[in-house]
Amino acid sequence: MQKTNLGISVALMGAGLYFLGLFSFIPAFLLAAYVLLREESAWLKRNAIRMVVIVIGFYVLHVGVDLLQEIWGVVNCILGWIPFLNLHFSFPLNLDSIANYIISFLENIVLLLSGFKALSGNMIKVDFADKLLSKHLD
């Protein structure tokens, strides 16, 4: 079994990347930077980049939902300026909050499954991350 410079297995370090991504992105990005700068394993480096792409991809989805909420607020503001109309619309059933919860849930599931799969030295298929990595790394 291949070892890292820290003396732990490459699979355990790969799993640690994904599991750390579940809890906090700053330590996860720091660990990914360490892997990219100091480790030799191509598989481990690919997993470090993949974890960063997954975390950033889901963050972009959160920002997209928040952007829709801001656009909705601008529309409400404009409609509020129309004389004699006091219109105010909100997302039905708090769909923006539900979308953010679903995105967070999916991110946690993807990172958790990726971490467990990395323990065995494999990777799960995550289309957007795999396409981006194959386009820019291969």
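Quick housekeeping. This is a predicted model, so local features need pLDDT of at least 70 and side-chain atom pairs count only at pLDDT 80 or more, while totals for chains, interfaces and linings use all residues. Residues are numbered from 1 along each chain as its sequence is written, and side-chain values use heavy atoms, with hydrogens and water left out.

Back to our histidine. Histidine 62 is found in helix H3; helices are DSSP runs of H or I, at least four residues, numbered from the N terminus. Is histidine 62 buried or exposed? Histidine 62 has a relative accessible area of 16%, and buried means under 20%, exposed over 50%, partly exposed in between, using a 1.4 Å probe and protein chains only, so histidine 62 counts as buried. Not counting residues up to four places away in sequence, histidine 62 touches Asn100, Ile103, Ser104 and Glu107, where contact means heavy atoms within 4.5 Å. Isoleucine 103 sits 41 residues from histidine 62 along the chain, yet their C-alpha atoms are separated by 7.0 Å.

Next, the core. A nonpolar core is a set of buried Ala, Val, Leu, Ile, Met, Phe, Trp, Tyr and Cys residues joined through side-chain atoms within 4.5 Å. The largest one has 24 residues, and Leu17, Tyr18 and Met51 are among those with the most contacts inside it. H1, H2, H3, H4 and helix H5 (127–137) each supply at least two residues of this core, and H3 gives the most, with eight. Take tyrosine 18: leaving aside neighbours within four places in sequence, its contacts include Asn47, Arg50, Met51, Ile54 and Leu111.
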